[in-house]
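Please open the structure in your viewer and keep the selection tool at hand.

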Amino acid sequence: MKTIKDSVHDYIEVEDVARDLLDTAPVQRLRHVKQLGTVTLVYPSANHTRFEHSLGVYHLASRALSQLGIEGQQAERVRAAALLHDVGHGPYSHNIEELIHRHTGKYHDEVGDLLGSGAVARVLTEHGLNPDRVAALVAGEGELGQLVSGELDVDRMDYLARDAHHTGVPYGTIDHGRLVRELRFVDGDLVLAEGNVQTAESLLLARALMNPVVYSHHVARIAKGMLRRGTERLLAETDVTPERLRRMDDKDLLVALRSNDATAGYGERLSYRDLFKRAVWAEMDAVPEDLIAADHDEIRRLEDDIAAKADVDPEHVVLDVPDEPEMKETSSRVIVGGEVRRLEDQSTLVQALQAAQRDQWRLGVYAPADVQNRVGDAAVRVLGLDVAETLVSDVRPGIHATLDEFQ
């Protein structure tokens with residue numbers, strides 16, 4: 001057994017298959033992948049990594065298994081999946097996941113190829129565990145897969161508490177001890193026991209409050225957009241392959257960006273926080289529906305059109321169209337009056353939080369400060385933004401935003 005001191009859970013005891021997995025290269029690589037990617041440019045103390053998060057998820061999974069009375073090989077598979085659940089992440093965590101998926105067809109939780117060979121496969125096999133079954137748990141398959149990836153998973157419980165701790169933002173604070181203690185399986189579904197509607201709501205509320213101030217902070221989004229653009233160019237104009245990119249860590253990618261002429265500008269800007277600025281910051285009601293649904297190719301075409309109308313380098317325009325807001329946690333199940341019910345059917349808070357997420361949604365257009373005004377004016381025309389009556393400027397001239405942002 002190995003005992004590890006953790007900033008969130010105090011002491012974590014790692015034993016059996018997890019102990020042997022700790023020292024494999026795919027798990028150790030997670031020490032060099034920041035949990036929050038570009039958010040560290042907003043919150044300097046948010047330097048925690050996927051490695052310590054994986055330890056936290058393993059710890060909470062072990063506690064949940066004990067609470068549920070699950071033992072033996074079944075429990076070992078879940079513990080292994082909990083520790084390995086993030087080995088599929090590329091550099092900067094979720095920041096370039098869509099880009100990697102476009103080129104490889106794999107998201108971070110599709111890890112069958114990573115667990116099926118090498119040191120991880122060897123350790124799993126030595127402990128009598130089938131790598132394919134562990135990979136299935138990582139993907140959330142089966143009853144026990146809900147513990148690792150589901151609406152009430154231990155992954156979410158750890159990252160909310162950990163992200164709040166390291167950013168210093170109090171909104172993500174949750175009672176993960178109670179959440180784990182109240183978990184039950186009913187007819188194959190992972191649910192919270194009777195009397196825990198508010199416990200489920202706390203998870204939902206923490207996620208909803210953390211989103212605008214941490215996960216979708218405008219500076220983090222600007223850096224994320226620049227990182228994606230630089231990485232796209234890295235794949236297009238250098239010998240870096242999507243498969244190699246997928247296995248890089250944060251430092252590998254930053255060095256690659258700075259070391260190639262085609263991407264050095266992005267690498268330097270990201271290294272020294274010389275970021276683009278908001279030229280447009282528009283709420284959902286001001287944006288045409290077809291633009292919200294635009295795919296990657298259409299967004300790139302629109303960026304080129306904005307650049308041409310503003311007479312700037314196309315690489316100096318980044319159009320950032322977030323996905324429509326969703327709250328997976330609303331389908332969490334709780335026992336009320338002896339019946340299993342969905343949280344969204346039981347909680348009056350859910351509807352308010354869903355409305356708040358829509359209100360917080362923003363489309364962004366980013367550009368260097370010296371062309372910010374021109375790009376903003378061009379973007380409003382090219383994108384057909386409905387801001388004629390509500391357009392105002394931020395205290396920094398040249399930011400086109402809806403009035404709501406400043407009320």
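A residue is called buried here if its relative accessible area is under 20%, and exposed if that value is over 50%. The model shown is a predicted one.

**First stop: helix 7**

Select residues 118-126, which form helix 7. Within this helix, Val120, Ala121, Val123 and Leu124 are buried. Because these residues cover an arc of only 165° around the axis, they lie on the same side of helix 7. Next, colour Thr125 and Glu126: both are exposed, and they sit on the face turned away from the buried side of helix 7.

Which helices cover the buried residues of helix 7? The cover includes helix 1 (16-21), helix 2 (25-28), helix 4 (72-84), helix 6 (112-115) and helix 8 (131-138). After helix 7, select Gly128, which follows the helix and has a positive phi, near 75°.

**Second stop: residues 50-160**

Now select residues 50-160, which an unreviewed UniProt entry annotates as "domain: HD". This span is 68% helix and 0% strand, and its end C-alpha atoms lie 13 Å apart.

Select strand 4 (residues 189-192) together with strand 7 (residues 333-336); the two pair in the parallel sense over two bridges. Val191 has Arg333 in strand 7 as its bridge partner.

Strands 7 and 8 form a hairpin with two residues between them, and Gly337 in the turn has a positive phi of about 60°.

How values were computed. Residues are numbered from 1 along each chain as its sequence is written. This is a predicted model: local features need pLDDT of at least 70, side-chain atom pairs count only at pLDDT 80 or more; totals for chains, interfaces and linings use all residues. Side-chain values use heavy atoms; hydrogens and water are left out. Buried means under 20% relative accessible area, exposed over 50%, partly exposed in between (1.4 Å probe, protein chains only). Helices (H or I, at least four residues) and strands (E, at least two) are DSSP runs, numbered from the N terminus. The arc is that of the directions from the helix axis to the C-beta atoms. Contact means heavy atoms within 4.5 Å. UniProt positions are given in the numbering used here, feature names are shortened, and annotations may be inferred rather than shown by experiment. Two strands pair if DSSP finds at least two bridges between them.
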